[in-house]
Amino acid sequence: MSMLAEGRPTKQEENLIMPDNNLPTTHTGNRALIVDEPLIFEIGSPARSGVDLPDAPDVESRLGGLDRSEPISVPGLSEAEAVRHYTRLSRQNYAIDVGLFPLGSCTMKHNPRLNEKMARLKGFADIHPLQPMETVQGALKTIYELADWLKKLTGMPAVAMSPKAGAHGELCGILAIRSALEARGDAREVILVPESAHGTNPATAAFAGYKVEDIPANDAGRVDLDALKARLGPDVAGVMITNPNTCGLFEPDMKAISDAVHDAGGLVYCDGANFNAIVGRVRPGDLGVDAMHINLHKTFSTPHGGGGPGSGPVVFSEALAPYAPLPFVEKREEDNHFYIVEEETAEDHHNSSFGRMVAFHGQMGMFTRALTYMLSHGADGLKQVAEDAVLNANYVLRSLEDVLDAPFGKSGPCMHEALFSDDGFANDLTTLDLAKGLIDEGYHPMTMYFPLVVHGAMLVEPTETESKAAVDQFIGALRSVAKRAKAGDELLKSAPHFAPRRRLDETLAARKPILTWSEPEEFAEAAE
Ligand SMILES: *Cc1c(COP(=O)(O)O)cnc(C)c1O
């Protein structure tokens with residue numbers, strides 16, 4: 001299978017521990033059909049070309065003496081070699097279109113192809129934000145309708161569509177909180193954040209100039225309400241609470257938390273990245289939330305991570321609506337005309353706007369996908385999305401709690417993700433070892449070592465789009481690796497055995513990344 005000359009072993013062969021009798025037979029990794037692929041420069045040769053070009057005619061160059069004097073040094077490949085190279089690389093990708101992607105907190109769900117089709121319509125894909133408004137009425141209507149859905153689903157009166165991702169939405173919400181407090185002459189300096197918060201929460205609060213203080217979690221993995229109440233005071237600007245939280249648990253005291261914070265003169269930010277677990281069932285506006293971002297790219301499909309950008313609209317309560325950022329899309333009732341409001345208005349909303357998050361209106365491609373998702377599911381369908389996400393996660397939780405420690409399993413059902421710890425692993429095996437073992441079973445690992453409140457955390461989010469058969473297959477793979485971790489299986493320490501690469505030096509990769517290819521001498525010589 002080596003593409004390299006002279007029968008040299010490939011990196012894959014060098015790395016491979018050849019299967020022996022001790023190796024479990026449950027592996028589903030498909031090493032046999034995965035070809036280790038060198039860099040394109042390593043397989044290319046200046047002597048080869050994908051096209052037959054006629055010899056250059058012997059006429060005087062029209063380049064005025066700027067003709068190339070050195071070889072161009074790009075790899076020469078035949079057409080078939082070039083196609084195979086990229087196809088093989090693509091087969092080394094793990095993607096939602098290949099299998100279940102259990103990353104907790106990330107909500108890696110299937111993206112209906114219909115969404116992609118809509119986003120590629122010329123009227124959405126080929127427009128420019130500076131185009132005259134009369135020529136983009138359909139796009140503006142899309143933004144307006146999506147905004148309307150978001151307000152209705154959250155029970156909140158205003159929404160800023162422009163933030164470009166969840167963390168950007170957090171910043172938008174916290175800037176609105178700061179503006180509101182400053183407007184009443186009561187600039188405060190502390191934001192309270194639970195221990196289990198997503199890392200972006202404290203980062204956002206600090207970035208906006210606040211001091212960040214932790215609120216402890218209770219034994220059930222929820223915010224400790226008494227500790228929170230005890231800390232509230234005239235210096236606390238607000239809290240940032242994720243609900244459902246990053247342990248995959250609903251915060252049942254959310255309304256009591258909001259009431260206490262409001263009584264103490266603060267405001268409530270809710271991290272709504274996990275809205276997919278409660279959409280259609282719970283309206284954050286009813287829980288006293290003042291600002292919440294929604295990751296369109298998690299709750300309402302749209303590919304993300306390596307697959308595409310995000311979008312993080314922020315909904316606001318009456319108290320914060322005046323401070324919402326510009327611009328926003330409005331509708332003129334007389335003639336159903338949509339237009340972009342670029343300046344503060346006399347209306348209740350946006351009349352004291354803190355400014356702008358971005359130059360234009362937000363992520364049009366994400367808006368189109370999210371609205372398509374909403375319209376094709378309908379309100380009842382979205383409710384079922386949440387119910388199925390919770391059902392799948394609880395199925396994972398209950399199917400594995402006999403082989404993996406579930407620290408909050410006793411405190412009732414989880415929401416959209418199941419949390420396990422490394423308790424009981426033998427022979428110094430770690431969560432990392434288990435995750436590497438899962439790669440040999442053909443799965444991308446779950447989220448590891450997050451949330452920080454659980455030792456060796458493993459956070460599994462199957463999402464609602466997985467069938468029972470797909471979840472069962474994943475559970476089977478994870479069961480087998482979990483049992484090996486508990487039995488202290490030495491082989492896990494060197495897993496993965498069947499992936500094209502083994503354990504990379506992650507520190508070196510982060511500290512001294514080599515991002516460019518430099519021409520080895522023999523290549524340069526060959527070109528001469
Ligand atoms: C994903 C996520 C974020 C950040 O969202 P980005 O779009 O990645 O910026 C914040 N909080 C929680 C709980 C998340 O899951």
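**Cysteines, ligand, backbone and fold**

A: Start with Cys106, which is partly exposed at a relative accessible area of 26%. Buried means under 20% relative accessible area, exposed over 50%, and partly exposed in between (1.4 Å probe, protein chains only).

Q: Before we go on, what kind of model is this?
A: It is a predicted model: local features need pLDDT of at least 70, side-chain atom pairs count only at pLDDT 80 or more, and totals for chains, interfaces and linings use all residues. Residues are numbered from 1 along each chain as its sequence is written, and side-chain values use heavy atoms, with hydrogens and water left out.

Q: OK. How many disulfides does the structure hold?
A: The count is 0. A disulfide here is a pair of cysteine sulfur atoms within 2.5 Å.

Q: Switching to the ligand. Which residues are closest?
A: Gly166, Ala167, Asp271, His297 and Lys298 are the closest, out of 13 residues that surround the ligand. To count as near, a residue needs a heavy atom within 4 Å of the molecule.

Q: What does the side chain of Lys298 do there?
A: An N or O atom in the Lys298 side chain lies 2.7 Å from an oxygen atom of the ligand. The protein buries 85% of the 380 Å² that the ligand exposes when taken alone. Those accessible areas come from the Shrake-Rupley method with a 1.4 Å probe; for residues, only the protein chains shown count as cover.

Q: Which helices supply the shell?
A: α7 (166-183) and α11 (296-299) each supply at least two residues. α7 gives the most, with 3 residues. Helices (H or I, at least four residues) and strands (E, at least two) are DSSP runs, numbered from the N terminus.

Q: How do the shell residues divide?
A: There are 3 nonpolar, 7 polar and 3 charged. Ala, Val, Leu, Ile, Met, Phe, Trp, Tyr, Cys and Pro count as nonpolar, Asp, Glu, Lys and Arg as charged, and the others, Gly among them, as polar.

Q: Now the backbone. Where are cis peptide bonds?
A: One joins Phe450 and Pro451, with omega about 0°. Pro451 is in the loop between β11 (447-448) and β12 (458-460). Another joins Ala495 and Pro496, also with omega about 0°. Pro496 sits in the loop between α14 (468-487) and α15 (506-511).

Q: What about phi of Tyr449?
A: Phi is near 55° there, a positive value in a residue other than glycine. Tyr449 lies in the loop between β11 and β12, and is partly exposed at 37% relative accessibility.

Q: And Thr107?
A: Its phi is near 50°, positive in a residue other than glycine. Thr107 is in the loop between α3 (79-91) and α4 (113-119). At 0% relative accessibility, Thr107 is buried.

Q: Last one: how many helices and strands?
A: The protein chain has 16 helices and 12 strands. Of its 528 residues, 49% count as buried.

Technical notes
Polar contact = N/O pair within 3.5 Å; in protein donor to acceptor, adjacent residues only side chain to side chain.
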